[in-house]
Amino acid sequence: MTGMSDWHPKEQDSGEDPHDGAGLTVQESKPKLKQPPRYKVLLLNDDFTPMEFVVYVLEAIFGMSREKATQIMLHVHTRGVGVCGVFTRDIAETKVAQVKEHARANQHPLMCTMEEA
Ligand code: TYC
């Protein structure tokens, strides 16, 4: 009996030893799961959409109180753009589509978009 023919996996790999028995260090793998990327949903100002309509959209689609919705609407009105919330991609895409569809159905030019947070 000589050389590699005597090699037995059970003797070589206890699961604890970071060395492989041949003088080489085995790198433990890093955990592969990551948090999913998050996206900001942004509301854009325009000169035509009524303030009350924007407040309603923020209440209905983003679950905001009237007070919070009014605060965000006024921020967008004065600053030009504002964050409605931060979500995973599918949820952000759905909310953007809901805002646009609601605006379109009511013939308002209100625009909504998303960007990676
Ligand atoms: N600027 C609009 C107005 O004066 C109100 C408005 C606010 C519109 C926020 C869009 O995202 C918006 N009627």
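These entries record what I looked up in a predicted model of a protein chain with a ligand.

**Conventions.** I number residues from 1 along each chain as its sequence is written, and side-chain values use heavy atoms, with hydrogens and water left out. Because the model is predicted, local features need pLDDT of at least 70 and side-chain atom pairs count only at pLDDT 80 or more, while totals for chains, interfaces and linings use all residues.

**Confidence.** I looked up pLDDT, the predictor's confidence in each residue, from 0 to 100. The protein chain has a mean of 85, and 79% of its residues reach 70 or more. Over residues 1-20 the pLDDT is below 50, and I noted 10 contacts (heavy atoms within 4.5 Å) for this stretch beyond near neighbours in sequence.

**Ligand shell.** I listed the residues with a heavy atom within 4 Å of the ligand; among them are Leu43, Thr49, Met73 and Leu110. The shell divides into seven nonpolar residues (Ala, Val, Leu, Ile, Met, Phe, Trp, Tyr, Cys and Pro count as such), three polar and one charged (Asp, Glu, Lys and Arg count as charged, the others, Gly among them, as polar). Helix α3 gives the most, with three residues.

A backbone N or O atom of Leu44 lies 2.8 Å from a ligand oxygen, and a polar backbone atom of Asp46 is 2.7 Å from a ligand nitrogen. From the side chain of His77, a polar atom lies 2.9 Å from a nitrogen atom of the ligand.

**Aromatic pair.** I found one pair, counting ring centres of Phe, Tyr and Trp (its six-membered ring) within 6.5 Å.

Key
A polar contact is a pair of N or O atoms within 3.5 Å; within protein, one must be able to donate a hydrogen and the other to accept it, and residues adjacent in sequence count only if both atoms are side-chain atoms. Helices (H or I, at least four residues) and strands (E, at least two) are DSSP runs, numbered from the N terminus. Rings of Phe, Tyr and Trp (its six-membered ring) pair if their centres lie within 6.5 Å; planes under 30 degrees apart count as stacked, over 60 as edge-to-face and the rest as tilted.
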